[in-house]
Amino acid sequence: MTVVTNPPTISDLAAALAAATPHLDALDRRIVLATYRLLARGESVFDRQVAEAVGAPVDQVAQRLRLWPGVYRDDDDAIVGFWGLARDPLHPQYRLEIGPETVVAYAWCAWDTLFLPRLLGETVRVIATDGLSGEEISLTVTPQRVLRCHPPETVVTFLVPDGPFDADVVAGFCHKVLFFENGFNATEWMAGRPDELFALSVDDAFEVGRQVTGAIYGDGLDS
């Protein structure tokens, strides 16, 4: 492995991540946000529910959802995983306790837990584990900032995507973007892996997410 000694700036990393995301027009953005917020209820989401939420024909909404990578469905053709958010736990597990009623859903990777609160418009309590030691890591993340992180030295491993996100996004990207309770554990885990990996502080990873979501969905998310 090559551990990146001069990682990209936050702005450059955010630009690369935004560029790897499918281009979205105004209706696409409404569909994405509606899908996230419906799935954040902890239940499967049907195309008709998304269509009702955005006020568009169900065939039009379904067509767009089926063109995008990273949309996972169950045997009833309902959406159970979408762009970093899932109804059921993955491994490693990133448990999300969402909003005041503590609805439970799951993220795909460490970074998802930091940008999803802004898209959901909710405060999220995160329970995850160190990718090396298995020790618990917990955070409270609002749409505006990370309120709490334990341990406070927690970092996030990252890599720059080498192209657009595709059907392999979970294995090719998410499984390499993990929490570690300190930089030492992150460095040890990165050793021997073929990707050009680096670690960011939780606050820096949150800022990457803020810039990416702003670039894709606009600053109106905060209004």
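This is a predicted model: local features need pLDDT of at least 70, side-chain atom pairs count only at pLDDT 80 or more; totals for chains, interfaces and linings use all residues.

1. On the packing of α2 against α4, the axes of helix α2 (residues 26-39) and helix α4 (residues 58-67) approach within 11 Å and cross at roughly 80°. Because an angle of 65 to 115 degrees counts as roughly perpendicular, α2 is described as roughly perpendicular to α4. From α2 the contact draws on Leu-27, Asp-28, Ile-31 and Thr-35, and from α4 on Gln-60, Val-61, Arg-64 and Leu-65. Sorted by class, the residues in the contact of α2 with α4 are 4 nonpolar, 2 polar and 2 charged.

2. Helix α2 also meets helix α5 (residues 112-120), the two axes coming within 10 Å and crossing at roughly 105°, so that α2 is roughly perpendicular to α5 as well. On the α2 side the contact is made by Leu-33, Tyr-36 and Arg-37, while α5 supplies Phe-115, Leu-116, Arg-118, Leu-119 and Leu-120. The class count for the contact of α2 with α5 is 6 nonpolar and 2 charged residues, with no polar ones.

3. Turning to the loop between α2 and α3 (47-54), this is where Ser-44 is placed, and with a relative accessible area of 18% Ser-44 counts as buried, because the cut-off for that class is under 20%. The side chain of Ser-44 is joined to that of Arg-87 by a polar contact of 2.5 Å, and it makes a further polar contact, of 3.4 Å, with the side chain of Asp-74. When neighbours within four places in sequence are set aside, Ser-44 is in contact with Asp-74 and Arg-87, and also with Gln-49, Ala-78, Ile-79 and Val-80.

4. Which strand holds Ala-128? Ala-128 lies in strand β7 (residues 124-129), and it is buried, with a relative accessible area of 2%. Not counting residues up to four places away in sequence, Ala-128 touches Gln-93, Tyr-94, Glu-135, Glu-136, Ile-137 and Phe-179. The C-alpha atoms of Ala-128 and Trp-111, which stand 17 residues apart along the chain, are separated by 11 Å.

5. Ser-138 belongs to strand β8 (residues 136-141) and is likewise buried, its relative accessible area being 11%. Its side chain and that of Arg-148 are joined by a polar contact of 3.2 Å. With residues up to four places away in sequence left out, the residues that Ser-138 touches are Val-126, Arg-148, Cys-149 and His-150.

6. How many disulfides does a search of the whole structure find? The search returns 0. A disulfide would require two cysteine sulfur atoms within 2.5 Å, and the sulfur of Cys-174 is 4.5 Å from the closest cysteine sulfur, which belongs to Cys-109, and is therefore too far away for a bond. For Cys-149, too, the closest cysteine sulfur is in Cys-109, but here the separation is 15 Å, again too far for a bond.

Terms used:
Residues are numbered from 1 along each chain as its sequence is written. Side-chain values use heavy atoms; hydrogens and water are left out. Axes are lines fitted to C-alpha atoms, for helices over the stretch in contact, and angles run from 0 to 180 degrees between N-to-C directions. Helices (H or I, at least four residues) and strands (E, at least two) are DSSP runs, numbered from the N terminus. Angles under 35 degrees count as roughly parallel, over 145 as roughly antiparallel, 65 to 115 as roughly perpendicular and the rest as oblique. Contact means heavy atoms within 4.5 Å. Ala, Val, Leu, Ile, Met, Phe, Trp, Tyr, Cys and Pro count as nonpolar, Asp, Glu, Lys and Arg as charged, and the others, Gly among them, as polar. Buried means under 20% relative accessible area, exposed over 50%, partly exposed in between (1.4 Å probe, protein chains only). A polar contact is a pair of N or O atoms within 3.5 Å; within protein, one must be able to donate a hydrogen and the other to accept it, and residues adjacent in sequence count only if both atoms are side-chain atoms.
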